[in-house]
Amino acid sequence: MLSYTVIGAGAIGGYYGCRLAHVERQVRFLSHSDYEYVMEHGFRIDSCDGNFTVYPVEAYAHAADIPKSDVVLVGLKSVNNHLLLEMLPHLIYEDTVVVLIQNGIGLEEDLQAQFPDLQIVAGLAFICSAKTAPGHVNHQCYGSINLGNYSCEDTRFHEILTDFQDAGITAAEVPYLEARWRKAVWNMPFNGMTVALNTSTDKLLKNPSTRQLIYDQMMEVIGAANALGVNTLTSEFADKMMAMTDAMVPYSPSMKLDFDYHRPMEIPYLYTRPIAEAKKVGFDMPKLAMLEAELRFIEAHSQKPKANS
């Protein structure tokens with residue numbers, strides 16, 4: 001049976017890690033801000049698929065204290081990936097697989113350059129969830145995950161896939177590059193637009209002008225993917241994503257929450273990198289390049305709240 005370590009036990013890493021722990025997989029959690037709370041109370045998952053708790057929890061405050069595991073699930077925001085250089089050597093051995101459950105393009109390539117012998121899998125979560133309090137994840141809807149094999153041995157990859165499925169998670173194998181760009185079709189329009197217009201997904205789609213703009217941005221992502229050789233993405237997928245979002249509860253994507261709480265936004269891997277990768281093969285993404293510029297301006301001029309004196 002595989003052992004797991006979760007780095008970034010928040011809305012995403014916390015949810016999937018707890019799903020695995022709930023079916024008695026060995027899961028270790030790296031917890032910083034809520035370590036003491038989780039050790040005393042465990043995790044509480046309020047889920048549209050049924051509430052559950054995980055207690056006791058094998059939690060650690062420092063990566064250096066965690067035993068090496070077969071699989072490391074990375075739920076960190078990509079702006080914190082520089083921390084992996086320090087943390088991963090404590091957690092991995094020669095056969096460990098790292099699953100990057102993160103948003104963006106180019107993540108695996110950059111991590112592989114830092115750890116040439118590491119086995120890496122891309123994890124693309126389709127889920128609406130938020131960490132609302134210490135040890136408390138609110139899972140609102142959806143919850144599936146696509147796994148794309150970047151550099152993992154096939155047998156181990158399918159063991160991980162089976163573990164996710166046994167935990168009641170809708171998990172599927174998707175070709176790596178397709179998996180990354182498939183997620184970008186939703187992420188690139190909705191994450192940035194909710195920040196730029198200070199709104200939520202439902203309001204963007206209820207307004208005819210922004211609805212059309214969102215669709216046009218989706219088609220830019222699909223065009224970029226096609227130019228890079230991912231020919232399985234078509235306008236039908238954009239239609240599916242629009243319908244899925246229409247049915248979704250009103251939602252603030254992760255970038256909107258990061259902006260609201262004055263945290264760095266994941267602009268480099270969500271916008272800069274995919275726009276650059278598309279440009280390398282002669283495909284421009286003008287609407288999303290404009291959105292990236294707006295996000296750069298917003299981030300540069302947003303002010304953190306002043307501490308009370």
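**Exercise 1.** Work out how helices α6 and α12 are oriented to each other, and describe their contact.

**Solution.** α6 and α12 are oblique to each other, because their axes cross at roughly 40 degrees, and angles under 35 degrees count as roughly parallel, over 145 as roughly antiparallel, 65 to 115 as roughly perpendicular and the rest as oblique. Before going on, note that this is a predicted model, where local features need pLDDT of at least 70, side-chain atom pairs count only at pLDDT 80 or more, and totals for chains, interfaces and linings use all residues. Residues are numbered from 1 along each chain as its sequence is written, and side-chain values use heavy atoms, leaving out hydrogens and water.

Step 1: find the helices. α6 covers residues 176-196 and α12 residues 286-301, and their axes come within 10 Å.

Step 2: list the contact (heavy atoms within 4.5 Å). α6 brings M188, P189, G192, M193, V195 and A196, while α12 brings L288, L291, E294, L295 and I298.

Step 3: sort by class. Nine of these residues are nonpolar, one is polar and one is charged.

**Exercise 2.** How many disulfides does a search of the whole structure find?

**Solution.** Step 1: recall that a disulfide is a pair of cysteine sulfur atoms within 2.5 Å.

Step 1: check C48. Its closest cysteine sulfur, in C141, is 6.3 Å away, so this is too far for a bond.

Step 2: check C128. Here the closest cysteine sulfur is also in C141, at 3.5 Å, again too far for a bond.

Step 3: conclude. The search finds zero disulfides.

Conventions: Axes fitted to C-alpha atoms, helices over the stretch in contact; angles between N-to-C directions. Helix = DSSP H or I, 4+ residues; strand = E, 2+ residues; numbered from the N terminus. Nonpolar A, V, L, I, M, F, W, Y, C, P; charged D, E, K, R; others polar.
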